[in-house]
Each structure stands twice: as C-alpha cells, then as structure tokens.
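Biologist: I am new to this model. Please take one part of it and go through that part closely.

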Amino acid sequence: MAPGRGRGRIRGRDETKEERADRMWSDLIQEVRVAQTGVQILFGFLLTVVFTARYPQLSQTDRTIYIVTVVLGASATGALIGPVSFHRLVSGRRIKPQAVTWASRLTLAGLLLLLATMTSALLLILRVATHGDYVPWVVAGVVAWYLLCWFVLPLWVRRRHTITD
C-alpha cells in the first residue's frame, strides 16, 4: 500500500501548517467568488425594485418582506466580501491560519444570509406574481432543496468519508 493511504482513502497531505493555510485560503477565495457574484447580482436587482412603478402598489406585508430582503441581501454581501477585506488587512502578519478560520466563518455566515435573502426574495416574487395560497409551500420546498444541496449533502459526505486517527 502506498504511504499515506489506507483502505483506498487518502490519509492526508504532506504539507506544513503554512502550506495548508495557503491551500485552504485559495480554495476559500474560489468559493467566495462564486457566492459573491450571485449575491451582488441579486442585491443589485433588489435595490432597483423600490424605484419601479409597481412598488407603491405593494401591500404593507409585501413592502415589509421587501425591506427584510434588502437588509438580508446587504448583510450577505458584507459577509461574503468580508474575507477579501480580512485578507487585505492581515496580509503579511504571519497569521494566515487564523485568517483562514475567520474568513471561513464569515463565508458560512454569508451563505446562511444568502439562503435567507433568496428565501425572502422568492417569497416576495411569488406572492406578487401569483397571490396563491400555495406560495409558502413552494418556498418551503425550495428552501429544503437549498438546505439539502448546501448543507445536508456536504455534511453527510464529510461525516461518511472523514478519517479520524
């Protein structure tokens, strides 16, 4: 059997703490780029809604959902841009492992806020577009799908395939 391998699974990498932090930072930034783009496009769209002719016709409930959605979108944007600012402010201070930990936490917070933003945006859009009693059920189904794709499946794979010594 090859060194570092057992039962067909890779047992780990031969890298220093700093090399591991560099690799994890690169991975994190690639992940953040994907989420940042989506949240920025969504947030930009949300900012324009208040200036449309249809906005004054929204019910008070729909206006409240809109305001909550904009605040969630702004919060998600801040959390997902946070790792970039974090890196810039601590770069060169020899604390990359700690920076990776904190940037990862900001990214997870941003993903949770993005989930909430997309949920409330979908709720608002479907309420305005359909006025159907089934809207909460559709939104709940989409949220369940997001939770499955974003959290349940990755955590299940992590639990199933993580090797502990």
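Modeller: The model is predicted, so local features need pLDDT of at least 70, side-chain atom pairs count only at pLDDT 80 or more, and totals for chains, interfaces and linings use all residues. Residues are numbered from 1 along each chain as its sequence is written, and side-chain values use heavy atoms, without hydrogens and water.

Start with the span. The expected span is 1.5 Å times one less than the number of residues.

Now the burial (under 20% relative accessible area, 1.4 Å probe, protein chains only). Buried in α1 are Ala21, Trp25, Leu28, Ile29, Val32 and Ala35, along with Gln36, Val39, Leu42, Phe43, Leu46 and Val49. An α-helix has 3.6 residues a turn, so residues three or four places apart point the same way. The partners of the buried α1 residues are α2 (60–90) and α3.

Helix α4 runs over residues 135–161. Its 27 residues reach 38 Å from first C-alpha to last, close to the expected 39 Å. At Leu148, α4 bends by about 45°. That is the angle between axes fitted to the seven residues ending there and the seven starting there. The buried residues of α4 are Val135, Val139, Val143, Tyr146 and Phe151. Their cover includes α3 (96–130).

Notes. Helices (H or I, at least four residues) and strands (E, at least two) are DSSP runs, numbered from the N terminus. Buried means under 20% relative accessible area, exposed over 50%, partly exposed in between (1.4 Å probe, protein chains only). Contact means heavy atoms within 4.5 Å.
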